[in-house]
Amino acid sequence: ELVSNVSEMEEEELQELKRVRHGMGIQLYGNCESADCKYEGEWVLDKMSGKGRCVFPNSSTFTGYFLNDLMEGQGIYKWVEGHSYEGSWKSGKMEGAGTFCHKNGTVLKGVFRNNYFLEGGK
């Protein structure tokens, strides 16, 4: 249940409210000295939703859009090994038009489905 005006609530009721992240913010996962993961961006009702940037435990990064904690819409994922993918994402997977660049210089440009390259663009 959403609360619209906390100033009218009793102290005991305030203590029972679930705190949720909402709006712009930064979340560090792990301890503050050596965070395993960092997300900086928009939150909607405690979910990463909107534009943001995530640094993963292995130092790979994603910069783009999220929906309900998953990569969704346009974004760029850069693997620490040197690969990158720029394009469409759906439910956390490469989906739709995009470009995958291997660290060896090979480029796959076209349509992706469920994280797999299907066909080149026309």
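Trainee: In which helix does E12 lie?
Mentor: This is a predicted model, and its secondary structure comes to one helix and nine strands. Along the sequence the pattern reads α-β-β-β-β-β-β-β-β-β. E12 lies within residues 11-16, which form helix α1.

Trainee: Does E12 count as buried or exposed, and why?
Mentor: The relative accessibility of E12 is 65%. A residue counts as exposed when this value is over 50%. E12 therefore counts as exposed.

Trainee: Which residues form the negative surface patch?
Mentor: E12, an exposed residue, is one of the members of this patch. The complete negative patch is formed by E10, E11, E12, E13 and E16.

Trainee: Which residues make the nonpolar surface patch, and what is its area?
Mentor: One of its members is V20, found in the loop between α1 and β1 (23-30). V20 is partly exposed because its relative accessible area is 41%, and that class lies between the limits of 20% and 50%. Together, V20, V44 and L45 make a nonpolar patch of about 230 Å².

Trainee: What share of the residues of the chain counts as buried?
Mentor: A residue is buried when its relative accessible area is under 20%. Y77 is buried, with a value of 12%. For the 122 residues of the chain, the share that counts as buried is 25%.

Trainee: How are the rings of F56 and Y77 arranged, and why?
Mentor: A pair of aromatic rings is described by the distance of the centres and the angle of the planes. The count of aromatic pairs comes to 11. For F56 and Y77, the centres are 5.6 Å apart and the planes stand at 25°. Planes under 30 degrees apart count as stacked, so the pair F56 and Y77 is stacked.

Trainee: How many residues apart are F56 and Y77, and which parts of the chain do they link?
Mentor: F56 is in the loop between β3 (47-55) and β4 (61-67), and Y77 is in strand β5 (residues 70-78). F56 counts as partly exposed at 22% relative accessibility, whereas Y77 is buried at 12%. The pair links distant parts of the chain, 21 residues apart.

Trainee: Which residues form the aromatic cluster?
Mentor: F56 and Y77, the stacked pair, are among the members of one aromatic cluster. That cluster is formed by Y39, W43, F56, F62, F66, Y77, W79, Y85, W89, F100, F112 and F117.

Trainee: Which residue forms a salt bridge with K47?
Mentor: Side chains of opposite charge can pair when their charged atoms come close. The structure holds five salt bridges. In the bridge of K47, the closest N and O atoms are 4.0 Å apart, and the partner is D69. This pair links distant parts of the chain, with K47 in strand β3 and, 22 residues apart, in the loop between β4 and β5, D69.

Trainee: Which strands hold E95 and R113?
Mentor: The side chains of E95 and R113 meet in a salt bridge, at 3.7 Å from N to O. The two residues are 18 residues apart, in distant parts of the chain. E95 is in strand β7 (residues 93-101), and R113 is in strand β8 (residues 107-113).

How values were computed: Residues numbered from 1 in each chain as written. Predicted model: local features only at pLDDT ≥ 70, side-chain atom pairs only at ≥ 80, totals over all residues. Heavy atoms only, no water. Patch = residues over 30% accessible without salt bridge, like charges linked within 9 Å, V, L, I, M, F, W, Y side chains within 5 Å. Areas by Shrake-Rupley, 256 points an atom, 1.4 Å probe, with all protein chains shown as cover. Lys, Arg positive; Asp, Glu negative; His and termini not counted. Charge placed at Lys NZ, Arg CZ, Asp CG, Glu CD. Helix = DSSP H or I, 4+ residues; strand = E, 2+ residues; numbered from the N terminus. Buried < 20%, exposed > 50% of the residue type's maximum accessible area, 1.4 Å probe, protein only. Phe/Tyr/Trp six-rings, centres within 6.5 Å; stacked < 30°, edge-to-face > 60°.
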